[in-house]
Amino acid sequence: MSTRLQKIGWRKMASTKQKQARELFFSKIVVGPDCWLWLGLKSKDGYGIYGGGSHGRGRRTRAHRLAWEIFNGCAIPPGFLVLHSCDNPSCVNPQHLRLGNALDNAQDSITRGRNWHLKKETCSYGHIYDGAASRGERLCVTCTRRTNLQATHKYRARKRMQCDS
């Protein structure tokens with residue numbers, strides 16, 4: 001283990017299994033001047049994946065979540081996410097990780113320009129976004145009109161069936 005990791009206060013683990021897990025975790029990290037990059041398995045979106053055992057039969061966890069738990073010495077509370085301040089999904093530097101909820105994560109993605117929904121120019125049917133909803137999201141007026149019209153037809157059909165019976 002590098003002296004830099006010792007300086008930041010790595011908590012001592014008692015069992016041999018935990019020590020082996022710690023050594024395996026650190027063998028998959030390159031400690032850089034800023035980010036600590038995960039070199040092990042990564043997901044499609046670039047997040048490090050730890051565990052899985054042989055042939056992927058074991059429990060897997062995201063490397064940045066494990067790093068947060070290791071360096072803070074406690075489990076992540078239910079309903080919380082581990083957010084990156086560096087916008088690097090493969091970073092496991094505990095100084096770049098913080099707890100937050102889904103709203104914090106969404107606001108981060110918008111303020112940092114990572115929200116791909118805001119970059120889209122057309123809806124899934126190919127219509128150009130040409131309106132704005134009350135909550136600040138973009139709106140396809142063509143699709144909204146079609147959806148409202150379909151709902152109106154369903155409502156009227158149900159009303160007619162009630163009157164006929």
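In this predicted model, histidine 64 touches Tyr47, Val82, His84, Cys91, Val92 and Leu97, leaving aside its neighbours within four places in sequence. This histidine belongs to helix H3, which spans residues 63-72. The protein chain has six helices and eight strands, and 25% of its 165 residues count as buried.

**Confidence in the model**

- The average pLDDT of the protein chain is 80, and 78% of the residues score at least 70.
- Residues 1-14 have a pLDDT below 50, and in the model this stretch has 26 contacts beyond near neighbours in sequence.
- Where pLDDT is low, predicted coordinates should not be read in detail.

**Overall build**

- Read from the N terminus, the elements follow the order α-α-β-β-β-β-α-β-β-α-α-β-β-α.
- Of the contacts between residues at least 6 apart in sequence, 33% join residues at least 24 apart.
- The protein chain has an accessible surface of about 11,800 Å², and carbon and sulfur atoms account for 53% of that area.

**Helix H3 and histidine 64**

- Helix H3 is mostly covered, with seven of its ten residues buried.
- These buried residues are Ala63, His64, Leu66, Ala67, Trp68, Ile70 and Phe71.
- Histidine 64 counts as buried because its relative accessible area is 5%, below the 20% limit for that class.
- After H3 comes glycine 73, which has a positive phi near 70°.

**Tyrosine 50**

- Tyrosine 50 is located in strand S3, residues 49-51, and is buried at 13% relative accessibility.
- Not counting residues up to four places away in sequence, the contacts of tyrosine 50 include Ala63 and Leu66, both of which are among the buried residues of H3.
- Other residues that tyrosine 50 touches include Ala21, Leu24, Arg59, Arg60 and Thr61.
- Tyrosine 50 and histidine 64 are 14 residues apart along the chain, and their C-alpha atoms are separated by 9.1 Å.

**Aromatic residues**

- The whole structure contains six aromatic pairs.
- One of them joins phenylalanine 25 and phenylalanine 26 edge-to-face, with 5.5 Å centre to centre and 85° between the planes.
- Both phenylalanine 25 and phenylalanine 26 are buried.
- Tryptophan 36 and phenylalanine 71 form another edge-to-face pair, at 5.9 Å centre to centre and 70° between the planes.
- Because tryptophan 36 lies in strand S2 (residues 36-38) and phenylalanine 71 in helix H3, this pair ties together parts that are 35 residues apart in sequence.
- Tryptophan 36 is buried at 2% relative accessibility, and phenylalanine 71 is buried with a relative accessible area of 10%.
- One aromatic cluster is formed by Phe25, Phe26, Trp36, Trp38, Tyr50 and Phe71.

**Salt bridges**

- The structure holds three salt bridges.
- Arginine 62 pairs with aspartate 45 in a salt bridge whose closest N and O atoms are 3.9 Å apart.
- This pair links distant parts of the chain, 17 residues apart: arginine 62 is in strand S4 (residues 60-62) and aspartate 45 in the loop between S2 and S3.
- Arginine 62 is partly exposed at 31% relative accessibility, as is aspartate 45 at 44%.
- Aspartate 87 forms a salt bridge with arginine 112, where the closest N and O atoms are 3.0 Å apart.
- Aspartate 87 lies in the loop between strand S5 (81-84) and strand S6 (97-100), and arginine 112 in the loop between H4 and helix H5 (116-119), so the pair ties together parts that are 25 residues apart in sequence.
- Aspartate 87 is partly exposed with a relative accessible area of 34%, and arginine 112 is partly exposed with 31%.
- Aspartate 108 forms a salt bridge with arginine 98, the closest N and O atoms being 2.5 Å apart.
- Ten residues separate these partners in the chain, with aspartate 108 in helix H4 and arginine 98 in strand S6.
- Aspartate 108 is buried at 12% relative accessibility, whereas arginine 98 is partly exposed at 31%.
- Leaving aside neighbours within four places in sequence, aspartate 108 is in contact with Leu83, Arg98 and Arg114.

**Surface patch**

- Val30, Leu37 and Leu39 make a nonpolar surface patch of about 250 Å².
- Valine 30 sits in strand S1, residues 29-31, and is partly exposed at 41% relative accessibility.

Conventions: Residues are numbered from 1 along each chain as its sequence is written. This is a predicted model: local features need pLDDT of at least 70, side-chain atom pairs count only at pLDDT 80 or more; totals for chains, interfaces and linings use all residues. Side-chain values use heavy atoms; hydrogens and water are left out. pLDDT is the predictor's confidence in each residue, from 0 to 100. Contact means heavy atoms within 4.5 Å. Helices (H or I, at least four residues) and strands (E, at least two) are DSSP runs, numbered from the N terminus. Buried means under 20% relative accessible area, exposed over 50%, partly exposed in between (1.4 Å probe, protein chains only). Patches are made of residues with over 30% relative accessible area and no salt bridge: like charges are joined within 9 Å, nonpolar side chains (Val, Leu, Ile, Met, Phe, Trp, Tyr) within 5 Å. Accessible areas come from the Shrake-Rupley method with a 1.4 Å probe; for residues, only the protein chains shown count as cover. A salt bridge is a side-chain nitrogen of Lys or Arg within 4 Å of a carboxyl oxygen of Asp or Glu. Rings of Phe, Tyr and Trp (its six-membered ring) pair if their centres lie within 6.5 Å; planes under 30 degrees apart count as stacked, over 60 as edge-to-face and the rest as tilted.
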